[in-house]
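User: Hi! Could you walk me through this model, a few features at a time?

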Amino acid sequence: MSLQAEHLRYRPYAGPAAGWGALRSVASHWLDSKQPLKNLRALLKTNQNGGFDCPGCAWGDSPEAGMVKFCENGAKAVNWEATRRRVDATFFARYSLSQLREQSDYWLEYQGRLTEPLRYDKASDRYRPIDWDDAFALIGHHLNALETPDQAEFYTSGRTSNEAAFLYQLFVRAYGSNNFPDCSNMCHEASGVALGESIGVGKGSVRFEDFAKADAIFVLGQNPGTNHPRMLEPLREAVARGAQVVCFNPLKERGLERFQHPQHAIEMLANGSAPLNTAFFRPRLGGDMAALRGVAKFLLLWEREAQATGAPAVFDHAFIAEHTAGVEAYLAVLDATDWPTLEAQSGLSLTELEAAARLYRAAERVIICWAMGITQHRHSVATIQEITNLQLLRGNLGKPGAGLCPVRGHSNVQGDRTMGINERPPARLLDSLERRFGFAVPRQPGHNVVEAIEAMLAGRARVFIGLGGNFAQATPDSRRTHQALQRCALTVQISTKLNRSHLTVGQDALILPCLGRTDIDRQAAGPQAVTVEDSFSMIHASYGQLEPLSPLMRSEPAIVAGIAQATLGNRPVDWPALVADYSRIRELIGETIPGFADFEQRVHRPGGFHLDNPAAERHWSTASGRANFIANALPDDPFGGALEGHDAQPDLILQTLRSHDQYNTTVYGLDDRYRGVKGDRRVIFVHIDDIRRLGFEPGQKVDIQSLWHDGIERRVTGFTLLDFDIPRGQAAAYYPETNPLVPLGSVGIGSHTPTSKSVAIRLHAAQEETAPALASAGH
């Protein structure tokens, strides 16, 4: 397996999603783990009762039993975590941080698991071993020396278990802060804000079984073939039984076109495949809100025709009357929005908008799913409320086979928020913590991710603790984020594998190696289970299956408890006693978090248990006591705010995205099978007409500059132009390589989420121009 960029090869992919390509990829990563037999046994326990929950995405599991319940990306995640390669003091004796910074993110994580606690030694520019007690004491000393608890930032990754997240938020609030920058701030924050205002619950209303009952499934701004591969099976089954699967995505991703099921022997042997959609619409970046409003405007037109002719109603008037508020204001906005504006902003023709509306109208039960292509724009909250408005018009909430489905990314990002990882927590959570634990809980809002970076840059935050993740690379405006971390007095990274955050150190820095989802977690009471919450609000128990590589690795709950004990002592709980037996943590969760009564008994049932969702039962926890139609204005420019504040016009609007060989910032390889890219990641996908309009040729190297009005130059260099089937005026490139282009100040209205799907850019000939880099051109 090559760890360095090879000669770039590019040829558009002609095969189906999954199938033989997925099996070859899984086999390669399985063998490369250096313990294939152990990992094969572990893989067969993935998402199984008594096994461990996949450390990849948050897609839910089918209730049916099956020998294989993981996808290609899940297998990569397991083998990537369950490796025999080690990063320890011997490794850092060979490499200084200056040397490691020259390596790629892929190379860094490939080196293996972190196996002992380490402290940065500035004089030698290396990490050196430190005892756990000394590490905890160092953290406690720094935290207790701050002028105010709000000078510390407590980040959380979506991999964190419910038990670790609960202890973390309890410790931090007892310490005195609500500073919880969290990976939710960078992905589905807009979903939580929008749905909370519209239906009173900040998460989806559907369950896994609803997909088998839907007449239509709309998939917006999402690439499940790469990001949530297990979603492909229910989409395939929906098409096979005659349901509509309607996709809105500027890029016509292979995972939404054809699917070859790796567990269907006849299909594999015949090299067949099945379609995964019945209609595909390609809006411009940021144009989904206008497209949805166009669909709603057609419904209103047909509703009035039905009223005039006595035909059956298009709207669900009984549902609207009994359950909603604000419909008249919303219909007035539909009336006031003209068709040319909807066409211009959506990037779709009137014919296409009408076709989408007819598909929606014909279905009695509709699920609408969405992901980052919707949530990472300036007007994302308004777009998700437009989705909700559309569903309310037809009563597509609170009935089987219908509802709202934000498809979450990391495996427990939703559970962390449920456990209280929230910089703006609801009063009912704080009241509950005060009643149970008897201390005055901080009430002032804390920092989200962008606010935390700004506070560290300004010197208002002096300590950073990262519970998982790769903060330095996952965040926007990478150069400024790195500067922010380097201005801290102490940075602490609780991690499984080496990443760039460990190389972006404060004046003092610690690496604390934690167990992963695959590792057996032994505490005083014996092997422990942790729990997670999937996108459908199902709570699962997860039991590690593999022996940890080192006795010096500790679980996330144990590390959090160790920091808390060193900082607070036995206040407000006996931290070591909780870690000895995680059932004690779950008991506290059951006493303070709604929906978790009898947690310990319920979670060990096969399949776990479901957290009730009031909106799914047509109970609305809003100020009005009803589901709210919310009439938002369309954005001022057709690219959803990407051009705001720019005097100069951009060449293109860029969206950042994952490759197929990647999960979040974890890069498993240098290829992107579904887009036909091999050997390099520093590429930018552009339509051939745009490439030539801008005076370039396919294969040419370019530098990319983003436009923002703060006078800071943001530029990445040496990217290869690839002629790609993408709408004109748009571009796409991989993150984290292009995260330096996302301005820190460019965030969603109401969500503060970085606008990574709408970045205004200009292209320049590479400063060190070379011959075209392509071994084989694609188009």
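**Strands, helices and salt bridges**

Analyst: Two strands count as paired if DSSP finds at least two bridges between them. Helices (H or I, at least four residues) and strands (E, at least two) are DSSP runs, numbered from the N terminus. This is a predicted model, where local features need pLDDT of at least 70 and side-chain atom pairs count only at pLDDT 80 or more, while totals for chains, interfaces and linings use all residues. Residues are numbered from 1 along each chain as its sequence is written, and side-chain values use heavy atoms, with hydrogens and water left out.

User: Which residue of β33 is the bridge partner of Ile653?

Analyst: That's Ala760. Ile653 also has a bridge partner in β32, namely Gln730. β25 pairs with strand β32 (residues 730-734) in the parallel sense, over five bridges.

User: How many residues of β25 are buried?

Analyst: Six of the six residues in β25 (residues 652-657) are buried, so the strand is largely enclosed by the rest of the structure. Buried means under 20% relative accessible area, exposed over 50% and partly exposed in between (1.4 Å probe, protein chains only). Both faces are covered: Leu652, Leu654 and Thr656 are buried on one side, and Ile653, Gln655 and Leu657 on the other.

User: Switching topic: what's the strand order in the open sheet of five strands?

Analyst: It goes β12-β9-β8-β14-β15, with parallel pairing. The edges are β12 (279-281) and β15 (403-406), each of which pairs on one side only. On average, neighbouring strands here are turned by 15° against each other, direction ignored. Axes are lines fitted to C-alpha atoms, for helices over the stretch in contact, and angles run from 0 to 180 degrees between N-to-C directions.

User: How many bridges join β8 to β14?

Analyst: Five, between residues 216-220 of β8 and residues 366-370 of β14, and the two strands run parallel. Within that pair, Phe218 is bridged to Ile368 of β14.

User: And what lies across β8, β9, β12 and β14?

Analyst: Helix α17 (residues 350-362) does, running at about 140° to β12.

User: Nice. Where are the buried residues of α15, and what covers them?

Analyst: In α15 (residues 327-336), the buried residues are Val327, Tyr330, Leu331 and Leu334. They span an arc of only 100° around the axis, so they sit on the same side of α15; the arc is that of the directions from the helix axis to the C-beta atoms. Glu328 and Ala336, on the other side of α15, are exposed. The cover over the buried residues includes α13 (288-309), α14 (317-323), β13 (324-325) and α19 (380-393).

User: Now electrostatics. How many salt bridges does a search of the whole structure find?

Analyst: The search finds 30, where a salt bridge is a side-chain nitrogen of Lys or Arg within 4 Å of a carboxyl oxygen of Asp or Glu. One of them pairs Asp182 with Arg417, with the closest N and O atoms 3.7 Å apart. Asp182 is in the loop between α8 (162-175) and α9 (189-199) and Arg417 is in helix α20 (residues 413-418), so this pair ties together parts 235 residues apart in sequence.

User: Is Asp182 buried or exposed?

Analyst: Asp182 counts as buried because its relative accessibility is 0%. Arg417, at 23%, counts as partly exposed.

User: What about Lys203, which residue does it form a salt bridge with?

Analyst: Glu533, with the closest N and O atoms 2.8 Å apart. Lys203 sits in the loop between α9 and β8 and Glu533 in strand β21 (residues 530-533), 330 residues apart. Lys203 and Glu533 are both buried.

User: Last one: where does Asn179 lie?

Analyst: Asn179 is in the loop between α8 and α9, and it is buried, with a relative accessible area of 1%. Its side chain reaches the backbone nitrogen of His447 at 3.0 Å. That is a polar contact: a pair of N or O atoms within 3.5 Å where, within protein, one must be able to donate a hydrogen and the other to accept it, and residues adjacent in sequence count only if both atoms are side-chain atoms. Beyond its neighbours within four places in sequence, Asn179 is in contact (heavy atoms within 4.5 Å) with Asp150, Ala152, Glu153, Phe154, Gly446 and His447.
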